[in-house]
Amino acid sequence: MRQGTSEPTKKRLLQKTLDSLDASRRAPRSFYVLMLLIHVVTSLAVPNISRAQTIVTLFGMQIPMAAFAGVVSSLGNICIIMLTVFCGKLGFFTALIVLLAQFPMLAMNIIRSHAYNSIPGFFTNILTLITISIIYVNMRQAEKYQDRIRNQAVTDSLTGIPNRFACSELVVNLVEQGKKFITVSIDLNNFKSINDSMGFGAGNEALKTVASRWKAIADGGLSDTLDFIARLSGDEFALVIRDYDSEEEILRTIQKYKDALQEKMTVDNCDFYVSASFGYAEYPTDSDKMDTLISYADAAMLEAKRSGNSDRIVRFTPELLKEEHTLEIEKKIRAALEKDGVFFHLQPQFDMNQKLRGFEALARIRDEDGKMISPGEFIPVAEKVGLVDKIDVTVFRKSAAFFGQLLKKTNSDITLSVNVSVRHLMKNDFLQETKDILECNGIPAKNLEVEITESVMIDSAERALRCINSLKDMGVQIAIDDFGTGYSSLSYLNSFPADLLKIDKSFVDKMNDSDSMRQYVAAIISMGHIMGFDVISEGVEKQQQIDTLQSIDCDFIQGFLWGKPLPAEEAEKVAVENAERFK
């Protein structure tokens with residue numbers, strides 16, 4: 001924890017962070033040491049090599065050792081140039097001092113010792129000195145230009161604080177270093193109303209005021225943590241918090257940024273107040289991936305915004321992902337309903353001789369990009385947000401239109417099963433809607449089967465029974481879906497005017513795992529038969545399951561083994577081929 005900052009370092013903490021990111025791209029200090037060490041070694045070795053009388057045999061040639069003095073000297077000078085190029089100001093001045101320090105020694109060797117073989121080295125050092133000076137001057141000019149370009153690249157042009165790119169660079173750098181930090185997603189509340197009522201000019205002035213206040217906190221080290229504030233776009237900001245010791249310290253820092261908005265703003269002689277929603281996530285506790293971490297902070301911020309409480313600061317929790325996912329799926333469902341993205345597939349049902357009994361119409365949804373959404377995703381959401389009845393009726397109408405034509409084409413006595421939710425069943429116009437669909441598509445009532453879950457018997461038993469009895473009076477068949485997974489009692493079941501029990505896939509999957517599970521499924525089938533129901537097993541995917549179901553007198557089969565859910569065209573082929581086969 002930082003308890004205040006000294007005056008010189010207090011002024012530009014944001015710039016120091018940006019500079020440190022830029023510095024991280026330069027050559028490491030170890031490179032500087034290595035180049036300097038090689039130059040020192042070569043400088044000490046050159047005089048000895050130049051005076052050596054040794055003859056070296058190289059590739060069959062006799063070469064005096066002194067001939068290699070120039071090679072070693074050149075290697076040292078290359079290291080001096082490398083210092084200037086890759087180590088910036090420190091490297092240049094180190095190279096300058098080293099070269100200038102060598103001139104007196106070279107001069108002494110030439111004058112006192114008459115070591116005239118040092119004359120080439122003297123002029124080589126002069127040329128190297130000129131070379132590094134030219135390189136350094138040009139590099140300084142290029143760096144000034146690069147600094148100007150970089151400042152433009154990492155600074156938000158409107159507010160003068162760091163932008164999205166700078167924030168992303170910092171987060172990537174911190175992730176690479178494995179340091180813990182907090183990323184805070186900030187969104188100004190109802191900012192659109194300022195633009196709408198006062199114009200974009202006033203909105204921009206408000207953004208600059210907000211950024212100025214927050215920059216004063218981050219740049220001045222006014223919190224107990226090390227902060228980095230950035231504007232991402234529009235009225236979206238991000239705050240990166242480091243050097244904290246506790247959750248309380250994090251909340252105190254965020255609260256300081258919230259409090260900075262409490263003072264009124266005056267734009268064009270108009271006073272107004274701005275508030276913001278804050279959500280945050282921690283690296284690596286919540287996620288160790290940058291993109292995921294930022295999306296988690298966004299999810300927490302949206303939760304704060306949804307709550308409508310401007311004083312609320314929300315930390316990410318896994319539960320927020322479920323809520324975010326629910327909202328996303330809800331949007332896709334609504335868009336699909338509006339833009340005809342809801343359609344159906346048909347899954348065939350067979351008797352034990354593989355004669356087609358009929359099809360179950362299953363809801364399918366594509367999003368605006370044409371991508372399929374899993375029923376396991378959209379059905380629970382549709383039930384939660386009250387859209388399942390709209391999906392039901394859309395699938396009912398579309399599948400009935402196809403099925404009416406199929407009955408005429410095949411002249412077969414098959415059944416269309418449609419799922420009806422409690423919400424759909426309880427609608428006042430459900431019965432009339434069913435009559436209209438049957439009449440419009442020329443489907444006899446006996447060829448329609450309405451599938452109802454056990455929950456109907458618990459939630460609204462009396463009203464549900466009246467509606468179901470009316471359907472039975474019309475001649476419509478009734479199936480109890482997913483039997484065994486709900487809470488229905490035998491007394492309810494006995495009073496329910498059903499024609500078919502559907503055994504849930506979860507029981508079929510475990511049926512062959514033990515003798516007790518096999519007997520359990522056999523008991524359901526036996527009970528259904530005693531009450532006058534036919535029984536169909538869902539989710540049959542293995543031949544062993546079919547063998548078991550045949551042995552315990554199951555009536556019908558539905559599952560991937562004999563028939564996957566099919567588009568209308570493929571379902572028609574199955575119906576036509578089956579009708580020909582069982583003429």
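Q: At what angle do α12 and helix α13 (residues 375-385) pack?

A: This is a predicted model, in which local features need pLDDT of at least 70 and side-chain atom pairs count only at pLDDT 80 or more, while totals for chains, interfaces and linings use all residues. Residues are numbered from 1 along each chain as its sequence is written, and side-chain values use heavy atoms, with hydrogens and water left out. Helices (H or I, at least four residues) and strands (E, at least two) are DSSP runs numbered from the N terminus. Axes are lines fitted to C-alpha atoms, for helices over the stretch in contact, and angles run from 0 to 180 degrees between N-to-C directions. Here α12 and α13 pack at about 90°, with their axes 9 Å apart. The two helices are therefore roughly perpendicular (angles under 35 degrees count as roughly parallel, over 145 as roughly antiparallel, 65 to 115 as roughly perpendicular and the rest as oblique).

Q: Which residues of α12 and α13 meet?

A: Contact means heavy atoms within 4.5 Å. Glu323, His325, Thr326, Ile329, Glu330, Ile333 and Arg334 of α12 meet Glu377, Phe378, Val381, Ala382, Lys384 and Val385 of α13. The residues of this contact comprise 6 nonpolar, 2 polar and 5 charged (Ala, Val, Leu, Ile, Met, Phe, Trp, Tyr, Cys and Pro count as nonpolar, Asp, Glu, Lys and Arg as charged, and the others, Gly among them, as polar).

Q: How does helix α11 (residues 290-307) cross helix α12 (residues 318-338)?

A: Their axes come within 10 Å and cross at roughly 75°, and α11 and α12 are therefore roughly perpendicular to each other. On the α11 side the contact is made by Tyr296, Ala299, Ala300, Leu302, Glu303 and Arg306, and on the α12 side by Leu320, Leu321, Glu323, Glu324 and Leu327. The residues of the α11 contact with α12 divide into 7 nonpolar, no polar and 4 charged.

Q: Which residues touch the most other members of the largest nonpolar core?

A: A nonpolar core is a set of buried Ala, Val, Leu, Ile, Met, Phe, Trp, Tyr and Cys residues joined through side-chain atoms within 4.5 Å. Buried means under 20% relative accessible area, exposed over 50%, and partly exposed in between (1.4 Å probe, protein chains only). In the largest core, of 72 residues, they are Ile333, Ile391, Val450 and Leu549. Helix α14 (residues 388-410) gives the most to this core, with 9 residues. A second, separate core of 55 residues includes Ile161, Val210, Phe272 and Val274.

Q: How many aromatic pairs are there?

A: A pair of aromatic rings is described by the distance of the centres and the angle of the planes. Rings of Phe, Tyr and Trp (its six-membered ring) pair if their centres lie within 6.5 Å; planes under 30 degrees apart count as stacked, over 60 as edge-to-face and the rest as tilted. The count comes to 12 aromatic pairs. For Trp214 and Phe237, the ring centres are 5.1 Å apart and the planes at 90°, so this pair is edge-to-face. Trp214 belongs to helix α9 (residues 200-220) and Phe237 to strand β5 (residues 236-242), so the pair ties together parts 23 residues apart in sequence. Ring pairs link Trp214, Phe237, Tyr257 and Phe278 into a cluster.

Q: Is Trp214 buried or exposed?

A: Trp214 counts as buried, at 0% relative accessibility. Phe237 is also buried, with a relative accessible area of 0%.
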